[in-house]
Each structure stands twice: as structure tokens, then as C-alpha cells.
Amino acid sequence: SAYTTHGLNSYQVCRYSRQLLVPAFGIAGQEKLLSSSILVIGCGGLGSSAALYLAAAGVGVLGLVDRDTVELNNLHRQIIHSEEAIGTSKVRSAATSCRRINSSLSILEFPNGFSADNALEIVRKFDVVVDATDNLPSRYLISDACVVARKPLVSGAALGLDGQLTVYNHKNGPCYRCLFPVPPPQSACQRCSDSGVLGVVPGIIGSLEALEAIKLASGTGEPLSSRMLIFDASLGRFQNIKLRAKNPSCVACGDNPEITEANFHNMNYEAFTGV
Amino acid sequence: SAYTTHGLNSYQVCRYSRQLLVPAFGIAGQEKLLSSSILVIGCGGLGSSAALYLAAAGVGVLGLVDRDTVELNNLHRQIIHSEEAIGTSKVRSAATSCRRINSSLSILEFPNGFSADNALEIVRKFDVVVDATDNLPSRYLISDACVVARKPLVSGAALGLDGQLTVYNHKNGPCYRCLFPVPPPQSACQRCSDSGVLGVVPGIIGSLEALEAIKLASGTGEPLSSRMLIFDASLGRFQNIKLRAKNPSCVACGDNPEITEANFHNMNYEAFTGV
Amino acid sequence: MWAHSRGGLELLFGSVKCHEVDLDSNEITVEKLLVWIRENLLKERQEMFLKGKSVRPGVLVLINDYDWELMGHLEAPIKDKDSVVFISTLHGG
Amino acid sequence: MWAHSRGGLELLFGSVKCHEVDLDSNEITVEKLLVWIRENLLKERQEMFLKGKSVRPGVLVLINDYDWELMGHLEAPIKDKDSVVFISTLHGG
Ligand SMILES: [Zn+2]
Ligand SMILES: [Zn+2]
């Protein structure tokens, strides 16, 4: 029988049994997931549900990046943190919550944040990257790092009652710069940062990010590459969008990229985005 | 200013500040949510994310129903429970996790489950009901109880890589029996119970259930009444479906209902569904 | 037209979720489509999908994302570019 | 046709997410639609939506759920029953 030849031990067969029963995932999917490594950048609203579901599902190595500490006004949406964690490192708090669910998980903690200095070194340790950040410079930085290091990037965002989700830099799909070669004017971003978010909206998008990361790591289903989900929480509607392919003249992922391993450390994403 | 006339104290203004900034929700939405009561029936895969996001968002009273205890094979999807809770009551474990996030929450625990004997008494204590169960008899029982007690019902389901979400018994929308007056044959259900679920799929649907419950309790946006979301996790696609209205000849919510408060206690949902 | 099956029903069609169906005429009814499916796509376990002339209890029929009750039930017309989805209600969680 | 705005852009249109636009001719281009929107719907802060003849950086244009890059960019044709969505990329989380 399959149970005598696969690489799961009896504890894993029990823990993941309901998942092993899904024909399109099965033992092969669980084995791939258990031997994969996934990096979640940002342990806030998106990262809370993304990290918890990746930990529960049985990813082999989970990476957590955030340099902030937990604040009271995070708790309306950041369900990975508890009141007693207020004032402590978000990465440490998130890792503790993940271990409570799944003590067999290996967790790599990066409490110093993500910058042009450490991005490539961190990203190279992982198979799949999840962008769960909340600002524009990070979105360009993470996309560029994933392009240079050749990693697929699951990217989610949420604001107010709106959410967006896609997979960048996978097969022939676009990277973030293919879609947005020029950053938006500062005036368009300022208003965003002031407008808040209904707590469960990043929770929904973060769970969907975990799903896409699990699909990529386990080889299940069709990843959301060259496609985007647009969520309108007010109406309870999702739109399924068909996106462009990779742009051959993209400065990051194109045929003659300007952004390379050699010059990556010199990039200034705050200056580029005007933040 | 608005801050001097509303009913939030300074602790609440801080805790929920990012949510108060959402124009369509705001102080009025938060006040309504804080004075509302929401019942989550089932503390499993759907109930985990539903209850955590309701607790974090600041519902006034959260009700939790489940008669089961936590098992190891729950933990791949039931992120509200930890390894140390294995063997203990799911309701107790879920309540502990919700209080860790929000100690100002009032929680009503119902560890004896939901049956025709106690359904009306329980449902009447709440403004909105969330069906987060995993079986067919419960779905008819909960819908009928909500119709008799006149409560809107947020209903989610997940299996394999598929998910479904709608709101029953709200305004002119249908109840569960309007859509499914006759239960499916036993043979069609047996196969479902054996086929497992990818853990994050009920997580996504449960978060969407929390959103719809928050929308109903706070008067925000358009609830998913007479509409249904159909989720295909393999493709990462949602379909937005327009459903029928309430059926005037429905035995539960129609003009001359056969199911009433007087005979509710005599209903046998296991026999009706052949389970 | 396209016929889709979801919520486990695709297992009855060899795990294929989408079937392109060439209509002989410009327009048929759902009732006639069900006959065609029974004769051409559904090889076994018909009782898992059909009951009498209709679908079995627990199956919703959607025509271009509208509940078939809004479109005429068994009499609902289907044209060449329409999409018909058969979805089994789920109970799990 | 219908013009929709999302991701915060609706605030530029008086918080109205959907506008029905009657086209004078059978078919126009996105470029002409942008001119029409500037003259008829967009009362203030045009720089939050437009830059030159196109939309500002950070705005995606979707025609019937397809990225406008796939449909011809500014030259993409729009017909009477089409749906055009303008969506601002989000960075929050
Ligand atoms: Zn690119
Ligand atoms: Zn009814």
C-alpha cells in the first residue's frame, strides 16, 4: 500500500490525515509541503493568517520577517498576537503562536526586517516568498529580490474594504515591476496610509496567500500567476482578472535586466518610491 | 468633534483605531458591533477563523457551540486550538484563544452542542448566527431555528478544495430549505465525509463568514443575501451567484409554515436527512 | 455552451470540471440538456446526479451565474455561448 | 458601457463605484473614454487619476476582466456592453 512507501511517519499521517484524503493534494502533496520552505515577510494583518495556516498545514521551514513590536491597535486584525505580547517582537510572538499549533515546525526568525542589504541572503533560503507587508517600498524591494533570486512571490494587499491577491515571477507571469514600472505619485499613497482597514479583510487575503503558497510548494492546482483576485468586502464579491505576461523589457525580469545581483545592494527603494 | 459624543472609551478608540478610520464602518459601525451578539455554531475548521476574527473585531457577546474535544487530526486546519488543548473541550479551548486576543469580550460557552431541544433557547440570545458545522442534519436544524427565532444566518461550507458561502433568512432572501427542500440521498453524502479538506480552505470560508456576520451586525455594506460565493481553491477562483428569493410555499419560512415554535422540539433532523 | 460541475460532482464526469457541448439547435432547455448529459457524459451512478427528469436533491443549477429558479427551472433556455454549472451543496467544515 | 472604480479611486468620483456611460458611437478607445471621464466625471484632483493621456502610475485598467495591456492599451476598443474597471494598486496589510 501507499502507506508503506511514503516518507510520512505515523504521527504525520495522523496529524495531516484529513488533508491526505484530498485527491488533488494527497500524500505526495503533503510530502512536498513538509520538505519545502516558505518565507512570510510581515507579521501583521496579512501575515497573521498566512503564517498560522502555513504552520498548521505542515510546511517544513517557515521564515518570519518583521522588525516591529506588537501594539494594542494591531489586535483588531493581527490574530497571531495576543494581548500579553504587546510590546514584544512581532516575529517572536508570531513564532510562539505557530509553535503552539505545530511544535514539529522549523521556524527561522528575522526580527531585523527586510532591506536591500539582507534581502537576497534571506530570500535564497526559501522556496516560496509571501509578501505580507504594508508599504510601497517593500513591495518593489521584495519583488526585485524574488526576481534576482528566482523565487515565486505570493503578493496580497488590503485596505479599507478592498483586497488584492496575485502571484508574481512565476513561469511566464509578470513581476511587480511589469505591472507597475513607475511608482504612484506620493499624493496617491499618503491617502492610503490614513484610511484604515476592516480587520477581517487582511485576514481573508492572508489566508488566500497561504493557499497560493501551499499550492506552489506542493505542486497543487493552478497558481494565480498572470491572474489577480480583486475583493470587494462591502459587496462580498471577487473579480477574477487576467493579467499581462512578463514584459521582455522589464528592468527587473526582462531579457536585459538593469537590476542584478551585482547592483542590488545599492538600490534605494525609499528614494525610488518617494516615501 | 465626533470623539466627544460617541460611546467608545479611550481604550476602545485605541484598540479599534484602524477600523474606525474606514469610512463605511467608522465609529457608528464599531459601536453597533460592540453592542451586538454573534453565535458561532461549530468550533472546527470554519469556526476557528470565524471566532478569532469576530473576537478581534470587537463583537460585544460571542457565543461558541461545540460538544467535541480537540484531536490531533484537527490541528491542520483548526488554528484556534493548540497542541496543549488536545483532549479538552473545543468550546473551552476556543474561548481561551479568543480571550487571549481580546480580554474585554463577553463569551457564552455551549459545550453540550446544538439540538432541537436547546436550539431556540440558544439562538434567541443572539443577533446573528454563523453556521460553522460540518454535517447535513445540523444545517437543516440551524436554518429552521433561525427562521423560527427570526435571526439572519451566515452559512459556510468547505470540502476538499471547494468552498461555499451565503446568508440565509435575511430580508427577502431564501432560507436553507428554500434552496434545498429535499435532503440529498444518503449515497451523495457518504462520499463527502470521506474526502477530506485542504486546511486553509475552511480558514478562508470561515474568515468570509466573520466578515458577513460583522456586516450584518454593524449595518455595513451589502450582505450576501440571495447571493452565494462559490470558491474553487484549485483555480483560485470565486464565482458570484445570484440566488432565488424566499419561497412563499417553503415549509420553514413560507407564508404558512409547517415548522413552528410549537412543534420545533419534535423535529428529528437525523431521521429527516437519513443520517 | 459550457457545462461545469463542482463540489464533488466532477467525480461523476471522470474528474473533468468543464465540458464543451455543441448544441444541435440554437437553443435548448435545461431539461433537454440533462437528457443529453445522461446519454453522453454520465457513464455510471446516474442517481448521484439525476432524479427523474431533474437533478437530484442537493444539486443547484446555475445558468450564467444565475440560480435556474430565476430562469425557468427545467424550462430555462440555454443558448450557444451560455455557461451552465451543476454544483453539489457542501456540508463539511 | 459601465465604468467602475476600485481600491480608493471611487473617492474621486464622489464615492460612486459604478457609472453607466452612454457611448455616442458604436465603439470608442480607452484613450477617448479617459478624455470623456476627465470632462464629465472627474471634478477635481485629476492628477490622482490621470497623467498625460493615460492613467497615473499605480492604476490598472481592466476591460471585461482583462488587463488592458492584453487588449491594446490606450487603443483598446470599448463597445456598448463592455465593463471597464479602474483599480488602484493597494499596498496596505
Ligand atoms: Zn518584470
Ligand atoms: Zn425557506
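This is a predicted model: local features need pLDDT of at least 70, side-chain atom pairs count only at pLDDT 80 or more; totals for chains, interfaces and linings use all residues.

Trainee: How do you know that chain C and chain D do not touch?

Mentor: Their nearest C-alpha atoms are 15 Å apart, and contact calls for heavy atoms within 4.5 Å. Chain C and chain D are listed as not touching. Chain A and chain C do not touch either, with 10 Å between their nearest C-alpha atoms.

Trainee: And which pair shares the most contacts?

Mentor: Chains A and B, out of three pairs of chains in contact. There, 65 residues of chain B meet 65 residues of chain A. The buried area is about 5700 Å², and carbon and sulfur atoms give 60% of that. On the chain B side, B:Arg18, B:Tyr53 and B:Arg100 lose the most area to chain A, together 14% of what that side buries.

Trainee: Why is the link between B:Glu83 and A:Arg15 called a salt bridge?

Mentor: The rule wants a side-chain nitrogen of Lys or Arg within 4 Å of a carboxyl oxygen of Asp or Glu. The side chains of B:Glu83 and A:Arg15 have N to O at 2.4 Å, so the pair passes. Across chain B and chain A the rule finds four salt bridges. There are also 22 residue pairs in polar contact between these chains, both residues at pLDDT 80 or more.

Trainee: Which element gives the most to the side of chain B that touches chain A?

Mentor: That's α11(B), with ten residues. Other elements giving two or more residues to that side include α5 (45-57), α6 (90-101) and β7 (227-232) of chain B. By class, the side divides into 31 nonpolar, 22 polar and twelve charged residues.

Trainee: What makes chains A and B related as by a two-fold rotation axis?

Mentor: Chain B can be laid on chain A by a turn of 180° with a shift of 0.0 Å along the axis, at an RMSD of 0.0 Å. The two copies are therefore related as by a two-fold rotation axis. The same surface serves both copies, and 100% of the contact residues of chain B recur in chain A.

Trainee: What about chain A and chain D: how many residues does each give to the contact?

Mentor: Chain A gives 37 residues and chain D gives 28. About 2700 Å² is buried between them, 58% of it from carbon and sulfur atoms. The polar contacts come to 16 residue pairs, both residues at pLDDT 80 or more. Elements of chain A giving two or more residues to the side that touches chain D include α8 (136-149), β5 (153-159) and α10 (186-193). That side of chain A has 19 nonpolar, ten polar and eight charged residues.

Trainee: Why does the pair A:Arg244 and D:Glu69 count as a salt bridge?

Mentor: The closest N and O atoms of A:Arg244 and D:Glu69 are 3.8 Å apart. The cut-off is 4 Å, so the pair counts. Chain A and chain D have four salt bridges between them.

Trainee: What makes A:Arg99 and A:Glu109 a link between distant parts of the chain?

Mentor: Those two residues are ten apart, with A:Arg99 in helix α6 (residues 90-101) and A:Glu109 in strand β3 (residues 106-110) of chain A. Their closest N and O atoms are 3.5 Å apart, in a salt bridge. Over all chains, the structure holds 26 salt bridges.

Trainee: And what scores does the model get?

Mentor: The model has ipTM 0.96 and pTM 0.96. For chain C, the mean pLDDT is 89, and 100% of its residues reach 70 or more.

Terms used. Residues are numbered from 1 along each chain as its sequence is written. Chains are lettered from A and ligands numbered from 1 in the order in which they are written. Side-chain values use heavy atoms; hydrogens and water are left out. Buried area is the accessible area (1.4 Å probe) that two parts lose on being put together, summed over both. A polar contact is a pair of N or O atoms within 3.5 Å; within protein, one must be able to donate a hydrogen and the other to accept it, and residues adjacent in sequence count only if both atoms are side-chain atoms. Helices (H or I, at least four residues) and strands (E, at least two) are DSSP runs, numbered from the N terminus. Ala, Val, Leu, Ile, Met, Phe, Trp, Tyr, Cys and Pro count as nonpolar, Asp, Glu, Lys and Arg as charged, and the others, Gly among them, as polar. Copies are superposed by least squares on the C-alpha atoms of residues with pLDDT of at least 70 in both. pLDDT is the predictor's confidence in each residue, from 0 to 100.
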